[in-house]
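Here is a short report on a two-chain model. Read it with the sequence and the structure side by side.

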Amino acid sequence: MKHMVEIRNLTKTYFTKRALNNINLNIEEGKVVGILGPNGSGKTTLIKILTGLLRQSKGEVLIDGHKVGTYTKSIVSYLPDRNFLYTWMTVKDAFMFYKDFYRDFDEGKFKELLDFMQLEMDMKIRTLSKGMHEKLNLALVLSRNAKLYVLDEPIAGVDPVARDQILDAIINNYNEKSSMLITTHLVRDMENIFDDVVFLKNGEIVLEGNAEVLREEKGKRIDEIYKEIFVV
Amino acid sequence: MGKLIKYEIRGNYKFIAGVLALVLILTTGMYAYMTNTKGGSPFEAMFVFLSFLVIFGTLLATFLYIVNSFRKELYEDRGYLTFTLPLTGNQILGAKLIVALIWFTTLGIVIALYHLIMLYIFTPYDISLSQIFETLMDIGLPFRDIIASIIFTFVNGTITLILIYFSMAISRVTFRNKKIGGLWFLIFLVLNALIAFSQVKVAQLLPYYLDISSFRIGRIDMFSYGFHIDVDSYGVMMTGNFGNILFNIASFIYSIGIGVLTFLGTGYLIEHKIDL
């Protein structure tokens with residue numbers, strides 16, 4: 001099966017601190033991969049390198065066979081862990097913005113997702129609550145027919161109702177020809193949607209594999225394995 | 001790039017329109033007070049003075065607001081959107097630069113035209129527009145010099161803007177800490193001083209000048225104008241006693257070269273070096 005993402009000997013250092021240490025990872029086409037780890041484990045650093053917001057100190061990253069750059073930005077749909085939309089925008093402006101910049105943006109899908117998330121086109125970005133922000137951002141990101149989706153903590157800090165809506169949106173709108181990378185520390189809520197999981201600890205991969213196989217091998221749920229690894 | 005320009009303009013136009021409205025209202029008030037009062041009371045003098053201060057302050061704030069639009073990309077969450085767009089560093093920088101130039105040009109032209117209109121309206125003499133135009137033609141305005149000066153100011157302004165953006169990008173790459181992000185200004189001052197110094201050196205090394213009025217090229221001593229040497233910030237423009245404007249050719253080309261290099265350098269930093 002084709003590798004959508006190939007990561008070889010990836011290291012990222014900030015002065016003396018090593019955020020990622022010699023990571024090797026391949027992500028196959030059509031897989032939903034959970035990058036799991038507590039705060040500070042290197043999850044966000046890893047996906048920032050994949051999206052071109054950070055530069056690696058060593059190693060190589062290929063997405064769809066290309067080094068991170070303008071091409072990979074056109075095929076990666078990224079959901080950051082913050083409110084990244086311009087504050088002067090309305091929901092409609094954000095929709096037009098995505099439509100203008102991304103050829104793979106599906107207008108019909110966005111309108112469906114907007115209805116599902118109970119958001120209106122004339123809402124102003126600066127007046128949205130945390131949960132509404134998260135839902136709008138996700139609607140924009142999932143409305144692209146991208147080759148790789150990168151979602152950074154998609155359900156962190158939102159109420160349980162919004163959390164369910166977000167998870168449903170991810171499951172219902174996932175495209176099987178694409179790959180999806182999701183970072184989270186809320187493992188119990190998300191483990192059912194992962195095909196593969198990668199456990200990151202202090203910038204290193206401590207365990208990785210197929211979620212179902214790991215459950216069988218260990219006789220535990222993924223969130224129990226998570227606790228076993230990270231609770232000292 | 002055109003699409004990003006569109007969204008940059010949409011994001012700023014309300015602020016610029018507000019600034020223009022404020023400046024034009026205060027300008028109208030100033031002209032009205034200055035022409036309709038005789039002798040002037042302390043209150044009127046205070047109004048004119050404060051209006052002048054507010055206009056100056058507003059334009060300075062606008063300059064910082066426009067220039068800061070690039071810095072916001074480097075330090076605020078909006079950078080997560082801008083820098084993940086499928087655009088090159090040069091395209092992002094180009095869009096920022098073009099929009100800044102559009103705003104500065106718009107502000108400059110509208111404010112200058114408004115002053116002319118105010119002068120015309122509030123002038124105590126009954127004079128028609130055609131008479132004003134005829135008088136200007138009779139005086140024989142040095143249109144070529146005026147146009148050359150406008151082009152020169154535009155080129156210098158563009159280079160200064162690029163240097164500002166370059167300083168911000170260098171500051172962001174070198175110091176990740178937002179608290180010392182203002183260090184870009186210090187970098188800008190040092191770079192500006194170094195460039196001005198090197199431009200003077202280039203002008204001294206290749207002292208060939210272009211006289212805009214006559215389109216003659218030669219060394220300074222070939223022009224018998226009796227110069228008071230009035231070197232501009234980039235050390236390449238001189239004004240003769242008869243109003244002639246001379247450009248040092250080598251230095252002017254050097255300035256444009258610096259502008260192009262710093263533009264490409266900033267684009268490179270955006271694309272390959274800046275960590276958000």
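## Around Y165(B)

The model is predicted: local features need pLDDT of at least 70, side-chain atom pairs count only at pLDDT 80 or more, and totals for chains, interfaces and linings use all residues. Residues are numbered from 1 along each chain as its sequence is written, while chains are lettered from A and ligands numbered from 1 in the order in which they are written.

## Nonpolar cores

The largest nonpolar core has 104 residues. Those with the most contacts inside this core are L50(A), A94(A), L148(A), V150(A), L181(A), V198(A) and Y165(B). Helix α6 (residues 143-174) of chain B gives the most to this core, with 10 residues. Domain 1 (1-141) and domain 2 (142-276) of chain B both contribute, so the core lies between them. The domain bounds come from an automatic or database domain assignment. Apart from this core lies another, of six residues, including Y209(B), I212(B), F247(B) and F252(B).

A core is a set of buried Ala, Val, Leu, Ile, Met, Phe, Trp, Tyr and Cys residues joined through C-beta atoms within 7 Å. Buried means that 20 or more other C-beta atoms lie within 10 Å of a residue's own. Helices (H or I, at least four residues) and strands (E, at least two) are DSSP runs, numbered from the N terminus.

## Where chain B meets chain A

Contacts link 17 residues of chain B with 20 residues of chain A. On the chain B side, α1 (2-36) and α3 (79-82) are the elements that give two or more residues. The largest share, three residues, comes from α1(B).

## The sheet of chain A

Six strands of chain A form an open sheet with mixed pairing, in the order β6-β7-β8-β3-β9-β10. Strands pair if DSSP finds at least two bridges between them. At the edges stand β6 (76-79) and β10 (204-210) of chain A; each has a single partner strand, so one side of each is left without a neighbour in the sheet. The twist averages 15° from one strand to the next.

Strands β7 (residues 148-152) and β8 (residues 179-184) of chain A run parallel, joined by five bridges. Y149(A) has M180(A) in β8(A) as its bridge partner.

Terms used: A residue is buried if 20 or more other C-beta atoms lie within 10 Å of its own, exposed if 12 or fewer, and partly exposed in between; C-beta atoms are placed from the backbone. Two residues are in contact if their C-beta atoms, placed from the backbone, lie within 7 Å. Axes are lines fitted to C-alpha atoms, for helices over the stretch in contact, and angles run from 0 to 180 degrees between N-to-C directions.
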